[in-house]
Amino acid sequence: MKPCCVARLFVIALLAGPAWAGEQLPRLNILPGSLTVSGASAGGYMATQYQVAFSKDVQGAGIIAAGPWYCAQASLTRALDECTEGGPIGPEIKPLVAALRAGAAAKLIDDPSWIAPDRVWLFHGARDTVVGAAVMDSLLRFYREFVPPERIHYETQVAAAHGFPTDGQGGACDVAQEPWINDCSYDAAGLMLQHLYDGLKTPAGAVRGELVTFDQERYVTGGMLASMADQGFLFVPADCAAAKPCRIHVAFHGCRQGVGFVGREFATNAGYNRWADANRIVVLYPQVKKSLIWPFNPRGCWDWWGYSGDGYTARTGLQIASVQRMLAAIGSR
């Protein structure tokens with residue numbers, strides 16, 4: 001059977017609804033060296049963690065309302081204090097940079113020299129009262145340890161509350177509320193993707209691609225401790241379903257923004273899909289679920305403080321390894 005037909009059959013199976021419960025991800029024609037990641041809040045922390053762990057594979061990252069890699073240092077208290085509110089100066093980055101280099105020397109993460117060619121897009125809302133501006137400033141300082149300043153964009157002037165800013169979707173720009181998508185007349189997803197990839201076309205017309213649901217359990221390592229939802233989402237542009245070469249992006253949702261809290265809202269309305277559809281970019285939306293006892297993750301956050309184990313920032317971290325397995329199944333390498 002021709003590759004285009006195989007890809008179409010996979011996508012048709014994914015779109016079939018409840019009858020395909022347990023369906024695997026489709027194998028697509030993903031361009032090598034095209035992987036980028038992004039996320040908001042806890043998802044922003046996770047995006048940086050994935051970028052650092054697999055920096056040889058990742059080409060860029062977009063971060064909204066989050067702090068530097070390994071900021072919490074496996075401490076929930078530190079996560080809620082220094083790495084969220086941040087105080088007047090934000091988290092100190094020297095021990096974090098030292099920990100990164102030590103982790104690379106121990107072969108737990110990729111060598112940080114692979115971060116240098118990346119493009120980085122950062123955003124902090126001027127009315128964000130959840131994550132302090134000093135925390136994002138520390139993230140900027142962290143990236144500047146590895147990435148030339150001309151490859152970093154940092155936006156701080158949009159009057160946005162804590163959430164994901166969009167152009168036309170969500171609630172009031174200056175109010176932090178479910179589903180944590182803020183209509184700020186500011187297309188964060190589009191501006192981010194344009195910074196991460198060269199030569200993107202401006203979307204025009206209706207989206208032809210499909211947002212499909214897949215069984216995450218096939219790819220999760222660590223069982224319940226990983227705190228991963230049963231289902232995840234994948235946006236597949238029509239051209240990608242037809243086996244044409246495509247790039248790939250991973251978008252990590254924030255706390256209380258996963259499927260168990262807001263359904264498909266983040267995957268549908270954050271703004272990625274329009275740009276992805278017009279530019280042959282497959283978007284993976286992995287999902288975390290809440291857990292009240294083991295692990296303790298009542299808000300359904302990505303693990304950026306260690307609830308899934310001490311090695312949560314390593315390539316073998318339960319969530320990082322699970323997402324890597326999803327990408328490998330799709331065809332990213």
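Let us start with a charge: the charged end of Arg247 sits over the ring of Tyr197, 4.9 Å from its centre. A charge sits over a ring if NZ of Lys or CZ of Arg is within 6 Å of the ring centre and within 35 degrees of the ring normal. This is a predicted model, in which local features need pLDDT of at least 70 and side-chain atom pairs count only at pLDDT 80 or more, while totals for chains, interfaces and linings use all residues. Residues are numbered from 1 along each chain as its sequence is written, and side-chain values use heavy atoms, with hydrogens and water left out.

The whole structure holds 17 aromatic pairs, where rings of Phe, Tyr and Trp (its six-membered ring) pair if their centres lie within 6.5 Å, with planes under 30 degrees apart called stacked, over 60 edge-to-face and the rest tilted. One of them joins Phe252 and Trp302 edge-to-face, at 5.0 Å centre to centre and 90 degrees between the planes. This pair links distant parts of the chain: Phe252 is in strand 10 (residues 246-252), and Trp302, 50 residues apart from it, is in the loop between strand 11 (281-285) and helix 11 (318-330). Helices (H or I, at least four residues) and strands (E, at least two) are DSSP runs, numbered from the N terminus.

Is Phe252 buried or exposed? Phe252 is buried, with a relative accessible area of 0%, and Trp302 is also buried at 0%. Buried means under 20% relative accessible area, exposed over 50%, and partly exposed in between (1.4 Å probe, protein chains only).

Finally, Tyr45, Trp304, Trp305 and Tyr307 form one aromatic cluster.
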